[in-house]
Amino acid sequence: MPYIDPHIHMVSRTTDDYARMAEAGCIAVTEPAFWAGFDRSSPAGFADYFRQLTETEPKRAARYGIDHYCWLCINPKEAEDPGFAREVMALIPDFLDRPNVLGIGEIGLNKNSRNELMILEEQIEIARRHDRLILVHTPHLEDKLKGTRLIMDALANAGVDPGRVLIDHVEEHTVAAVLDRGFWAGMTLYPDSKCTPQRAVDIIECFGNERIWINSAGDWGPSDPLSVPRCHAEMRRRGHAAELATKISLANPLAFLGQSPAFRPPVSPGPAVG
Amino acid sequence: MPTSTCPLTGPEVVESYFMEHRAKLLDIAAFLDRLDRAAPPDGRGDVRVRALRRAIPLLLDGEGDRARRILEFLSDHSTQPIPAAHTQGALGADPGADY
């Protein structure tokens, strides 16, 4: 079935992954700006990265029939130096009108520090001023509960419409609050540190299928760019109708992402001619 | 939390998932055995190991929502931003907790 992976870092994957994803039914991806595994040494490094996200990756994806969109920001891990962060943020408006840019992301917190929070608030303001969607990274492991609360409070304080914000990497202890406060919730199918396909289906069974999606967040670490279709298989294994997978991985992403004028609904593969 | 939201019956859940989780239980057991056999210094006092040992009984306390309660148990429950981030990684358990 056709699906969208709404959070995956294709800059760190080979074209073998694009090929396999296309064979598995992927018709579109959205790629947030993230930490490369090291701290970039200058704002120019981010300018090059933003060019890669807005020029190179869409062309690589198109060779496999996959539409590529991106989000721009300085990620929370590199936000501890406010002066440096502001130099990077100053670059963002010049890229916002590029055809595949959906909004600001993945902004958020990492260790829940004062500087991270200040930079988060400034990036929320960029999104608000330019009327862009927001994609949020919630912290890892023991920092997630506290960080999710701080992030939601910052968004509420800025007066952002929660329906235009996707809070990603939710787990069992954060999903209820995210949905109750009107945000969209993303479950990331990433080994060890985040959800499994089984737990993601458990969460959908308990909390419903509205304003929720799944993604692989495939990156340079141990991760599986096919974890979204694997989760669909888990749904089928339990006897859920095919419509559930379509809702979670096509209808819901289309509804959220369609709020951006830059997003063009992808063309699903049609029936074979013959 | 609603009940009976999984479309499989109880016996079907056991049939489908038992072997995988038997293996995961053995992984935990083998990890603890490995710690016992590890060369000095002793790792068993590490906050993460203490947190793991304290989290295990939550599986059998008769209450539901085990995944949520274990995640909360392993979380930092402070509410104010920290003054500065001196590390980028996370541990998996709250280093400030008295597990």
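Reader: Which residue is the bridge partner of A:I104 in β5(A)?
Author: The bridge partner is A:I134. Please bear in mind that this is a predicted model.

Reader: How many bridges join β4 to β5 of chain A?
Author: Strand β4 (residues 101-108) and strand β5 (residues 133-137) of chain A are joined by four bridges, and the two run parallel.

Reader: What is the strand order of the open sheet in chain A?
Author: The eight strands follow the order β1-β2-β3-β4-β5-β6-β7-β8, with parallel pairing. On average, neighbouring strands are turned by 25° against each other, direction ignored.

Reader: Why is one side of β1 and of β8 in chain A left without a neighbour in the sheet?
Author: β1 (3-5) and β8 (212-215) stand at the edges and each has a single partner strand, so one side of each has no neighbour in the sheet.

Reader: Which residue of β8(A) is the bridge partner of A:T188?
Author: A:N215 is that partner. Four bridges join β7 (residues 184-188) of chain A to β8(A), in parallel. With helix α8 (residues 197-207) of chain A, β7(A) and β8(A) make a right-handed β-α-β unit.

Reader: Are A:I212 and A:W213 of β8(A) buried or exposed?
Author: Both are buried, as are A:I214 and A:N215. A:I212 and A:I214 point one way from the strand, whereas A:W213 and A:N215 point the other way.

Reader: Turning to the contact, how many residues come from chain B and from chain A?
Author: Chain B gives 28 residues and chain A gives 29 residues. On the chain B side, helix α3 (residues 66-73) supplies the largest share, four residues. That side has 16 nonpolar, eight polar and four charged residues.

Technical notes
Residues are numbered from 1 along each chain as its sequence is written. Chains are lettered from A and ligands numbered from 1 in the order in which they are written. This is a predicted model: local features need pLDDT of at least 70, side-chain atom pairs count only at pLDDT 80 or more; totals for chains, interfaces and linings use all residues. Two strands pair if DSSP finds at least two bridges between them. Axes are lines fitted to C-alpha atoms, for helices over the stretch in contact, and angles run from 0 to 180 degrees between N-to-C directions. Two residues are in contact if their C-beta atoms, placed from the backbone, lie within 7 Å. Ala, Val, Leu, Ile, Met, Phe, Trp, Tyr, Cys and Pro count as nonpolar, Asp, Glu, Lys and Arg as charged, and the others, Gly among them, as polar. A residue is buried if 20 or more other C-beta atoms lie within 10 Å of its own, exposed if 12 or fewer, and partly exposed in between; C-beta atoms are placed from the backbone. A crossover is right-handed if, with the strands pointing away from the viewer, the path from the first strand over the helix to the second runs clockwise.
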